[in-house]
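Hello,

Here is the structure we talked about, with some notes to go with it. Please have a look at it alongside the text below.

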Amino acid sequence: MAKKTKDPGFGHNSQKNIRGMINKDGSSNVIHINKKFNVDDLYTYFIDLSWYKFFFFVFLGYILLNILFGFVYIMIGIDEITPSKGNLMEDCLNGFFFSAQTLTTVGYGGIAPQGITANIVAAFEAMIGLLSFSFITGLLYGRFSKPKAAILFSKNFIYRDFKETKAIMFRLMNSRKTVMIEPEITVTLSMNEKNEDDSYSRNYYQLSLERDKIMYLPTVWTIVHEIDNVSPLNKYSPKEIKALDAKLYVLLKYHEESFGQVVYQATSYDFMQLITNAKYKPSSEFNQEGYTILDHHKLSDVEEMS
């Protein structure tokens, strides 16, 4: 008989159209409300941003700071840094460009503060610039040095004959050229099941795998759960399995030699992605020189079983 596992943190409540807690890319679907703001969270927020959003915020902050200090120079008098052009637009541009030179500590010399007020503002802005660029440099280092897994999971998972029974399978590979050292995987089945009182609850099972740990992985690893007598899927027909309101939650960890640390990556599979009576096509082959050729585009390729 299949043995239930403790709630891994997702909750046992059942509801229609409920989204999985973990997305395919490993990100969380949890929406936090009434969360207190913490300055320490800014670092992790900017570290986890996409590169596109990160540079957008850097550019936006740079422009807004220069606009702010440009207006300050206009307010104290543009003559404090350069003779007025008699045109507000040109004076604003001179204030903006002087602010940019001060913020970045470039200082071309064409415009320079003359009065005591302008010098005080410029000195303060230079300090803001040093702190800002130090912060951005730290973020850039943190983003590049943060240990990250680079695992490709197959887009689908399959249900097929396996030995004397059936099995569900999915594949994974390392998207880097490094070798995955001591990869270990855990697969949890989350399934909506009917109770004796006709209500529904979400139950969790840690699936037994053909192999949940190997020494190293240079190519592709097919993860196999055999549907034997103790499998929670044993009581369902192939058609019923495909129609299940269920998900697989996957957690992989391994030693990444690029960072010299253990890294983790999560993903999930919805049973709507299940393909029956199929097998994976080979994703690697040998060339004439004897080298192994690994085709990343073939990771999810399947073919019908004869």
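Helix H4 has 30 residues, which at 1.5 Å a residue should span 44 Å, and its end C-alpha atoms agree with that, being 43 Å apart. The expected span here is 1.5 Å times one less than the number of residues, and helices are DSSP runs (H or I, at least four residues) numbered from the N terminus.

A word on the source: this is a predicted model, where local features need pLDDT of at least 70 and side-chain atom pairs count only at pLDDT 80 or more, while totals for chains, interfaces and linings use all residues. Residues are numbered from 1 along each chain as its sequence is written, and side-chain values use heavy atoms, leaving out hydrogens and water.

Now for H1 (residues 41–48): its axis comes within 9 Å of that of H4 (residues 116–145), and the two cross at roughly 60°. Axes are lines fitted to C-alpha atoms over the stretch in contact, with angles from 0 to 180 degrees between N-to-C directions. On the H1 side, the contact is made by Tyr43, Phe46, Ile47 and Asp48, and on the H4 side by Phe135, Leu139, Gly142 and Arg143.

Lastly, Ile67 sits in helix H2, and its C-alpha atom is separated by 8.0 Å from that of Ser99, 32 residues apart along the chain.

Best wishes

Note on methods. Contact means heavy atoms within 4.5 Å.
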